[in-house]
Amino acid sequence: DCVKYGLSNPDGLGKYKHEREGFAKLAATSESESLIGIFDGMNKLKKHDSDASPVPVRKVAVMGAGLMGAGIAQVTAEKGYD
């Protein structure tokens, strides 16, 4: 709905108001609340206490040379990894 409205009303700030109101309406639904709960729960599962010592990383392999792979390769090379 927001995309259609924005395309049919490209001038002015009304398209942003329409999108903002649409987002607020969706954010107030029980579905949105459930999805946020799932997201928060998944992130809590990733964080856990451990007595394990970190293993030093010296070499990094990047699969793929697209935008993301190239960016990862660039950052790791700048940080001094092989």
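Is T76 buried or exposed? T76 counts as buried, because its relative accessibility is 18%; buried means under 20% relative accessible area, exposed over 50%, and partly exposed in between (1.4 Å probe, protein chains only).

A few notes before the views. This is a predicted model, where local features need pLDDT of at least 70, side-chain atom pairs count only at pLDDT 80 or more, and totals for chains, interfaces and linings use all residues. Residues are numbered from 1 along each chain as its sequence is written, and side-chain values use heavy atoms, with hydrogens and water left out.

View 1. Helices here are DSSP runs (H or I, at least four residues), as are strands (E, at least two), and both are numbered from the N terminus. Look for the side chain of T76: one of its polar atoms lies 3.0 Å from the backbone oxygen of A73. Setting aside neighbours within four places in sequence, T76 touches V60 and Y81, where contact means heavy atoms within 4.5 Å.

**View 2. Helix 3, out in the open.** Helix 3 runs over residues 30-46, 17 residues in total. From first C-alpha to last it reaches 25 Å, close to the 24 Å expected at 1.5 Å a residue (the expected span is 1.5 Å times one less than the number of residues).

**View 3. A nonpolar patch made by L35, I38 and M42.** These residues form a nonpolar surface patch of about 330 Å². Patches take residues with over 30% relative accessible area and no salt bridge, joining like charges within 9 Å and nonpolar side chains (Val, Leu, Ile, Met, Phe, Trp, Tyr) within 5 Å. Accessible areas come from the Shrake-Rupley method with a 1.4 Å probe; for residues, only the protein chains shown count as cover. I38 belongs to helix 3 and counts as partly exposed, because its relative accessibility is 49%.

**View 4. The salt bridge between E21 and K17.** The structure holds one salt bridge, meaning a side-chain nitrogen of Lys or Arg within 4 Å of a carboxyl oxygen of Asp or Glu. Here the closest N and O atoms of E21 and K17 are 3.3 Å apart. Both residues lie in helix 2 (residues 14-27), four residues apart, about one turn of the helix. E21 is partly exposed, at 45% relative accessible area, and K17 is partly exposed at 45%.

Conventions: Polar contact = N/O pair within 3.5 Å; in protein donor to acceptor, adjacent residues only side chain to side chain.
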